Amino acid sequence: MQAAIDKALDGDTAALNVCLSRILPAYRPTIKPVVLNVDPSADLVEIGRQVVSAVAAGECPPDVAGQLLQGLGTLARITEIEELKDRLAALETAINLNKGAK
């Protein structure tokens, strides 16, 4: 470590970077928690509108809103898959009942 310090003091920028990386922590941006008053019983479209309204009112940073909207999109796809799975199961049950009745 002393050799790196000596080289840094002599002007070696690589050694200076090594020393600084040990002294100063790496910069990591942090996102402050945001509290939004959304109606959890609303559908996903209305919740999305509420998030956009919060941005327009200055209650939520745009980058956080983008993440929230992306999460809503993922939730919408998961919900759609679950609904399709249930509908497919109901169709298969109906087909099997019709086959058994013949």
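**Entry 1: salt bridges**

I began with the charged pairs and found that K85 forms a salt bridge with E82, their closest N and O atoms being 3.2 Å apart. The term salt bridge here stands for a side-chain nitrogen of Lys or Arg within 4 Å of a carboxyl oxygen of Asp or Glu. I note that this is a predicted model, in which local features need pLDDT of at least 70 and side-chain atom pairs count only at pLDDT 80 or more, while totals for chains, interfaces and linings use all residues. Residues are numbered from 1 along each chain as its sequence is written, and side-chain values use heavy atoms, with hydrogens and water left out.

Why do K85 and E82 lie about one helical turn apart? K85 and E82 are separated by about one helical turn because they are three residues apart in helix α4. Helices are DSSP runs (H or I, at least four residues), numbered from the N terminus. An α-helix has 3.6 residues a turn, so residues three or four places apart point the same way.

I looked up the exposure of both partners. K85 is partly exposed at 49% relative accessibility, and E82 is partly exposed at 38%. The classes are buried for under 20% relative accessible area, exposed for over 50%, and partly exposed in between (1.4 Å probe, protein chains only).

By this rule the count comes to two salt bridges. E46 forms a salt bridge with R49, and here the closest N and O atoms are 3.9 Å apart. E46 and R49 are three residues apart in helix α3, which again puts about one helical turn between them. E46 is partly exposed with a relative accessible area of 32%, whereas R49 counts as exposed at 52%.

**Entry 2: the core**

Which residues make up the largest nonpolar core? I listed six: L36, V51, A54, C60, V64 and A65. A nonpolar core is a set of buried Ala, Val, Leu, Ile, Met, Phe, Trp, Tyr and Cys residues joined through side-chain atoms within 4.5 Å. Helices α3 (44-56) and α4 (62-101) are the elements that give two or more residues to this core.

I then took A54, which is found in helix α3. A54 is buried, with a relative accessible area of 5%. Leaving aside residues up to four places away in sequence, A54 touches L36, E59 and C60; contact means heavy atoms within 4.5 Å. A54 and L36 are 18 residues apart along the chain, and their C-alpha atoms are separated by 7.3 Å.

V64 was next. With residues up to four places away in sequence not counted, V64 touches I31 and V34.

**Entry 3: helix α4**

I checked the span of α4. This helix has 40 residues and reaches 58 Å from its first C-alpha to its last, close to the 58 Å expected at 1.5 Å a residue. The expected span is 1.5 Å times one less than the number of residues.

Which residues of α4 are buried? They are V64, A65 and L72, and what covers the buried residues of α4 includes α3.

I also looked up A101, whose place is in helix α4. A101 is exposed, with a relative accessible area of 67%. From A101 to L84 I noted 17 residues in sequence and 26 Å in space, C-alpha to C-alpha.

**Entry 4: a loop residue**

Is A42 buried or exposed? A42 counts as buried at 18% relative accessibility, and it lies in the loop between α2 and α3. A42 touches I47 and Q50, not counting residues up to four places away in sequence.

**Entry 5: one more residue**

I23 is exposed, with a relative accessible area of 62%.
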